[in-house]
Amino acid sequence: MKPELHHEIELTPPFHDIDLMEVVWHGHYVKYLELARCALLAKFNYDYPQMLASGFAWPVVDMRLKYVQPALYGKTLKIRAEITEWENRLRIDYLIRDAATGRKVNQAHTIQVAVSLATKELQYVCPPVLWQRLGVKPE
């Protein structure tokens, strides 16, 4: 049975994330993705401290965001993060929705690659520790 490789968090954008147009400034979405990503990885006991302890850094090498509707001050958001690739890279897909209405606010993905801390070399296949933590096998 395939493990559930997703997690969802809720957050309410604070006032200091709002721009002059009275919506969440576009750059803050990256922070919201990071909060969801850390919560997802912590679910598998492979958040950033555990990554470093396993001998690998996992830099983000690609990030794409599509803004669909504005997020507003005081409106709670649901942010779902799901691991969709894990063999040669770690791809996480995100869906940000308005918690009250369910309407899509933003869709995004990030791609991370493993880099050996010992050699500083890019790993072209994800290290087995990732697969073990996720409870998956390479596809």
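1. Phe 15 is exposed, at a relative accessible area of 61% (exposed means over 50%, buried under 20%, partly exposed in between, with a 1.4 Å probe and protein chains only). The model is predicted: local features need pLDDT of at least 70 and side-chain atom pairs pLDDT 80 or more, while totals for chains, interfaces and linings use all residues. Residues are numbered from 1 along each chain as its sequence is written, and side-chain values use heavy atoms, without hydrogens and water.

2. The whole structure contains four aromatic pairs (rings of Phe, Tyr and Trp, the last by its six-membered ring, with centres within 6.5 Å; planes under 30 degrees apart are stacked, over 60 edge-to-face, the rest tilted). In one of them, Phe 15 and Tyr 73 have ring centres 5.7 Å apart and planes at 85°, so the pair is edge-to-face. Phe 15 lies in the loop between E1 and H1, and Tyr 73, 58 residues away, in the loop between strand E3 (60-67) and E4 (helices, H or I, have at least four residues and strands, E, at least two, as DSSP runs numbered from the N terminus).

3. Tyr 29 and Tyr 67 are also edge-to-face, with centres 5.0 Å apart and planes at 85°. This pair joins helix H1 to strand E3 across 38 residues. Tyr 29 is buried at 2%, whereas Tyr 67 is partly exposed at 38%.

4. Asp 98, in strand E5 (residues 90-98), is buried, with a relative accessible area of 7%. Beyond its neighbours within four places in sequence, Asp 98 has contacts (heavy atoms within 4.5 Å) with Lys 75, Thr 76, Leu 77, Arg 103 and Val 105.
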